[in-house]
Amino acid sequence: MAAAACLTMALPHLVIGLRPKGARVHLLFAIAAIAVAGLAGAELTIMRATTTEESGRAMQMAHVPVVIVVMAIVGFVQLYFGTGRLWLGVTACGLRVIAVIANFAQPPNMNFREITGLRSFEFLGEMVTMPLGRPNPWLMAAYLSSLLFLAYVSEASLRLWRIGSPDQRRRAVVIGGSIVCFIVIAQGASVCINAGKINFPYFISIPFMAIIAAMGFELSHDVLRAAQLSQALRMSEERMGLAAESARLSMWEWDIPRDEIWMTPDGRAMLGFSASERIDFAALSERVHPEDRAMREAAIRQAVATGGAYDLEYRLLLPDGTQRWLAARGRCERRETGAPARLVGVSIDTTEQKQADDEARQQREELGHLSRVVLVGEMAASLAHELNQPLTAMVTNASAAQRFLARGEVNVEELRELLADIATDGRRAGEVIRGIKGMVRKVESERRAVDLNDVVAEVLRLVRADALAHGCTLATDLTPALPAVSGDPVQLQQVLLNLVINAFDAMRKAPCDPCRVEIATRLAESGAVEVCVRDYGPGLPPEGPARVFERFYSTKHDGMGMGLAIARSIIEAHGGKLAAENAGGGGARFWFRLPALPPAEVPA
């Protein structure tokens with residue numbers, strides 16, 4: 001019965017242990033269980049012996065499975081616990097091997113130097129026999145081996161208890177405790193039986209069977225848990241595969257030492273590999289676009305060298321000439337020795353996204369072009385208004401020069417100043433026209449670091465004649481050392497010029513005291529640079545100051561309602577804001593804010 005139980009427990013673990021990737025603990029357990037079954041058979045032969053020679057040979061053979069059991073259990077504990085002192089277990093096995101050699105070198109066996117007779121007694125309703133004789137001194141080697149064996153198992157179990165997890169502590173109690181307990185019982189019974197103190201047959205296989213049962217319980221628990229984990233892993237892989245398929249992800253793994261790449265079917269299809277084709281690093285690199293190959297290989301080498309990860313996007317050039325975009329992310333895993341073991345990661349085909357991005361960019365460019373064309377259309381309606389200032393100034397200066405010449409009062413310095421003003425106003429008109437022409441041709445406006453105080457100074461020079469014609473004075477309150485802004489100076493001058501001319505026109509419609517336009521610059525709390533134009537006219541319409549920025553809305557009888565709309569578009573294109581409000585004490589205040597450039601972006 002003991003032999004049958006041990007063989008039954010050994011069979012499934014023997015199948016597991018003999019598999020190519022089977023755990024060695026299962027094989028050692030099966031060997032120990034089979035050896036215990038052999039020991040049970042030898043003990044049955046001893047009980048049924050009818051001669052001293054037959055009894056001696058049976059006892060001699062019984063020591064062979066015992067040494068196999070001891071060696072198998074030592075190996076099992078060493079692998080399963082991982083905490084034993086190997087030298088102690090090896091010493092116990094070595095002493096047991098020496099005892100077995102003496103067992104065969106000095107017949108009849110290691111237990112007796114001489115068997116003098118057989119004693120018969122009834123056991124479980126049947127007559128059994130046991131040998132009598134003089135003890136063999138070599139039996140002490142077996143006893144010493146058992147003591148070292150007990151010390152090895154006890155020490156390994158205690159260390160596992162101290163440092164192990166709850167499962168490992170249970171393992172130490174069940175396996176370690178059963179080994180110590182039943183080895184003590186078996187060794188004690190063997191000593192008493194050999195000394196003839198008790199009439200009892202050799203039943204060492206029974207305690208060993210209990211040890212095998214304890215070991216089998218823990219291994220079966222591990223097998224059950226492995227099956228559960230395998231099922232959970234399979235379900236997780238199915239979910240991961242479904243998620244990867246839904247997200248169109250391709251998973252891959254590069255075995256670095258073997259230079260072999262595993263890849264999901266979607267990835268193989270995407271790269272043009274067949275289902276059975278072997279993929280290595282060189283074969284995969286051939287699919288990468290030549291211009292991106294060096295970048296990809298450098299990123300992978302860095303990840304392998306540092307044990308880190310990489311994340312990059314590159315192009316594929318397939319054998320049929322098709323070009324695709326691929327986004328890949330990988331991570332290097334190392335062995336315990338620190339050597340790179342494998343590179344695992346995922347890839348996704350981003351070709352459609354790239355094409356969509358390109359189309360969106362083209363549409364944005366076309367939309368921007370159309371917006372500029374629309375703006376040009378709007379500006380065409382007010383082009384006369386925008387060019388009126390420089391053209392009027394040119395006519396005024398030319399007329400003044402003609403009057404000087406008609407009176408014969410030619411002052412060379414004044415004439416030179418008038419001609420210089422005419423040239424400046426002509427260039428100003430040309431810049432306005434070139435700006436509109438560039439917008440039609442998709443030419444981006446020139447952006448550079450601009451000091452708004454310089455813009456104010458240039459506008460003051462341009463409107464000096466208009467101020468005299470309207471009987472207005474100009475006052476400035478400019479904050480020195482203002483941060484620069486990024487912008488087109490011509491367009492910013494155009495905005496400020498529009499605000500100042502509107503201020504002149506507003507004060508012409510109604511009596512004002514004082515007739516003054518105030519221009520101020522300051523640094524706002526938000527860090528932006530602000531320019532403010534204040535007049536003392538009738539103020540903004542009561543239905544809402546913001547209406548003055550609507551297209552084709554004007555408070556002037558001859559106005560087209562485009563100047564302020566264009567001005568707001570220019571400021572917003574510069575990332576700023578243009579607003580208006582009624583000022584305390586009468587009049588209106590227009591102001592715009594532009595973000596200041598960081599000092600690092602301002603040219604020295």
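This is a predicted model: local features need pLDDT of at least 70, side-chain atom pairs count only at pLDDT 80 or more; totals for chains, interfaces and linings use all residues.
Residues are numbered from 1 along each chain as its sequence is written, and side-chain values use heavy atoms, with hydrogens and water left out.

**The whole chain**

Colour the chain by secondary structure. There are 17 helices and 14 strands; helices (H or I, at least four residues) and strands (E, at least two) are DSSP runs, numbered from the N terminus. Of the 604 residues, 42% count as buried. Buried means under 20% relative accessible area, exposed means over 50%, and partly exposed lies in between (1.4 Å probe, protein chains only). Among contacts with a separation of 6 or more, 65% come from residues 24 or more positions apart; a contact means heavy atoms within 4.5 Å.

Select Ile73, Phe76, Val77, Phe149, Ile179, Phe208 and Met215. Of the 44 residues in the largest nonpolar core, these touch the most other members. A nonpolar core is a set of buried Ala, Val, Leu, Ile, Met, Phe, Trp, Tyr and Cys residues joined through side-chain atoms within 4.5 Å. Which helices each supply at least two residues of this core? They are helix 1 (2-17), helix 2 (24-47), helix 3 (52-81), helix 4 (86-105), helix 5 (139-163), helix 6 (166-194) and helix 7 (205-246).

Now centre on Met215. Leaving aside neighbours within four places in sequence, Met215 is in contact with Phe29, Ile73, Phe76 and Ile175. Another core, of 42 residues, lies apart from the largest one; Ala467, Ala567, Ile571 and Leu594 are among its members.

Go to the loop between helix 4 and strand 1, where Pro108 lies. The peptide bond from Pro107 to Pro108 is cis, with omega near 15°. Most residues other than glycine have a negative phi, and most peptide bonds are trans.

Next, show strand 1 (residues 112-123) and strand 2 (residues 126-135). They run antiparallel and are joined by ten bridges; two strands pair if DSSP finds at least two bridges between them. Is Leu124 buried or exposed? Leu124 is exposed, because its relative accessible area is 77%.

Select the open sheet of five strands with the order 4-3-7-6-5, whose pairing is antiparallel. Its edge strands are strand 4 (260-263) and strand 5 (309-317), each of which pairs on one side only. Direction ignored, neighbouring strands of this sheet are turned by 25° against each other on average. Axes are lines fitted to C-alpha atoms, for helices over the stretch in contact, and angles run from 0 to 180 degrees between N-to-C directions.

Two loop residues are worth a click. Asp259 lies between strand 3 and strand 4; Asp259 is not a glycine, yet has a positive phi of about 50°. Thr350 is in the loop between strand 7 and helix 11 (351-381). Thr350 counts as buried because its relative accessibility is 6%, and Thr350 touches Glu313, Trp325, Leu326 and Ala327, not counting residues up to four places away in sequence.

**The mixed sheet**

Finally, select the open sheet of five strands with the order 9-11-12-14-13, whose pairing is mixed. Strand 9 (473-478) and strand 13 (577-582) stand at the edges with a single partner strand each, so one side of each has no neighbour in the sheet. Strand 12 (residues 529-534) and strand 14 (residues 588-594) pair in the antiparallel sense over six bridges, and the bridge partner of Val533 in strand 14 is Phe590. Helix 17 (residues 563-573) lies across strand 13 and strand 14, at about 135° to strand 13.
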